[in-house]
Amino acid sequence: MRTTTRTTTGRAVAVLAGVAAAALALTGCSAGGTSSGNGGDDVSGSITLQTWALTPTYTDYLNGVVKAFEKKYPDAKVKLVDQPGDGYADKVLSQASSNSLPDVINLPPDIALPLAKRGFLQDVAKDDSKLSSTYVKGALAAYNYKGVEGTFGYPWYLNTDIDYWNKTMFTKCGLDPANPPKTTDELFTQAETMHQKCSDDYLMSRKPGLSDFSLAGVKIINDKGTKFTFADSSKAADLISKYATAYKDGLMPSSVLNTDYLGNSTLFTQGKVAWTTGGATAITDFEKNNPSLKGNIVVSPALDNPPLYVQGLSVSAKSKHLATAEALASFMTNAKNQEAFAHLVNIFPSTTSSQSDPFFSKDDGTVEGKARVLANDALKTAKNLNPVEANSAMTDFLDQQIALAMKGGVSPEKALQTAQTKMNTLLANG
């Protein structure tokens, strides 16, 4: 299963554009899936539900939900199809381009974006007035896109990050494990303290990226979603300068700028750095891979504002049984079904009522329990910090430019402008 998004390819999106234009001309639909409501509220007929890398692990759960739906709506039948994890974005775009998109599709926001823009997805807010009162605000907002009116998915399951700190390293290096950093500014301050006390130990071990620009109050992209604007803000250059100085002063490992960098999660597990981020259950993996960390990890909320990772269920605007497809998406994402799913797998429901469920909200006194409660609380304010318009090719290029600036090869301003120009070219061609 997927708790983070994958990005679409420009080639596949370009193919979609031409096919969508022809399809919309034939069906009379306009961009954004403006089919006329829910088919007369007649929940009947056979539809297809497509999930992403959920079987065979969760086959019993999915079949149980489908069976319950068919019991509630005896005239409806659901065929379950699960696609493998690799190549999913290309698979979905290929289905859309051949007009074979399933009626209900498991889509993260970034894969749903090009489909929504080209009229392949239904605006589910048109037919469901309870969306805003049912789902977590940030999760629902993830399916609202710049330049396209509507909501193009029912939020399904969620995740977020919290912070993990190495208690022993904190104590040894003059820091208080009961008071770890709460903001990025505090992170820099405490990283300097650690370096002064323990020159071979590190608190920080990562470069900044688009999410850090968001947290710093930088406007990443314009309101229409057609042009990146982060290089226009002095705050972005100031942030890179701050990281560059920290790198030069030895506050993070020299390998952080290498192409073969292991990542802060791996270094944290190895006991080489004192901080990493991760999901609510990441502590289990840390302790499994390094038993000496057991009892030696402190958890706290994510710095500044927590990130949001979303999976959802979208509805094909061209479904022959639109009311049935919308009913299934709503049924699968109701509180009861989401809570049952979240008891099986390490995710969180997107339904606001589920946040008071003791399973997610009650601290049992263990670090694992506290981590789960912190993550559950974080979902109330979590948001997608990276705009869905930024695909992997764009962010990879930005990452290279930031590394170059941190090494002193170019100024932060030059690095950002070069990255923005390239990313806007890719955006325009996508």
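The model is predicted, so a local feature is reported only at pLDDT of at least 70 and a side-chain atom pair only at pLDDT 80 or more, while totals for chains, interfaces and linings use all residues. Residues are numbered from 1 along each chain as its sequence is written, and side-chain values use heavy atoms, with hydrogens and water left out.

Let's begin with the sheet. Helices (H or I, at least four residues) and strands (E, at least two) are DSSP runs, numbered from the N terminus. Two strands count as paired if DSSP finds at least two bridges between them. Here, 3 strands form an open sheet in the order β6-β5-β7, and their pairing is antiparallel. Because β6 (275-278) and β7 (297-301) each have a single partner strand, they stand at the edges, and one side of each has no neighbour in the sheet. On average, neighbouring strands are turned by 30 degrees against each other, direction ignored. (Axes are lines fitted to C-alpha atoms, for helices over the stretch in contact, and angles run from 0 to 180 degrees between N-to-C directions.)

Look now at strand β5 (residues 162-166), which is joined to β6 by 4 bridges. Asp 163 stands opposite Thr 277 in β6. Helix α16 (residues 367-378) lies across β5 and β7, and runs at about 15 degrees to β7.

Is Thr 160 buried or exposed? Its relative accessibility is 1%, so Thr 160 counts as buried; the cut-offs are under 20% relative accessible area for buried, over 50% for exposed, and partly exposed in between (1.4 Å probe, protein chains only). The side chain of Thr 160 reaches the backbone oxygen of Pro 307 at 2.4 Å. Leaving aside residues up to four places away in sequence, Thr 160 touches several others, including Gly 278, Tyr 309 and Ala 375; contact means heavy atoms within 4.5 Å.

What about the cysteines? A disulfide is a covalent bond between the sulfur atoms of two cysteines, and here the rule is a pair of cysteine sulfur atoms within 2.5 Å. By this rule there is 1 disulfide: Cys 173 and Cys 198 form it, with their sulfur atoms 2.2 Å apart. Cys 173 lies in the loop between α7 (167-172) and α8 (184-197), and Cys 198 in the loop between α8 and α9 (210-215), so the pair ties together parts that are 25 residues apart in sequence. The torsion about the S-S bond of Cys 173 and Cys 198 is about -110 degrees, so this disulfide is left-handed. Both Cys 173 and Cys 198 are buried.

Finally, step into the interior. A nonpolar core is a set of buried Ala, Val, Leu, Ile, Met, Phe, Trp, Tyr and Cys residues joined through side-chain atoms within 4.5 Å. The largest one has 80 residues, and Leu 107, Leu 121, Tyr 145, Tyr 164 and Phe 341 touch the most other members. Helix α13 gives the largest share of this core, 7 residues. Another core, of 48 residues, lies apart from it, with Ala 191 and Met 423 among its members. As for helix α13 (residues 322-332), 10 of its 11 residues are buried, including Leu 322, Glu 326 and Phe 331.

Methods: Polar contact = N/O pair within 3.5 Å; in protein donor to acceptor, adjacent residues only side chain to side chain.
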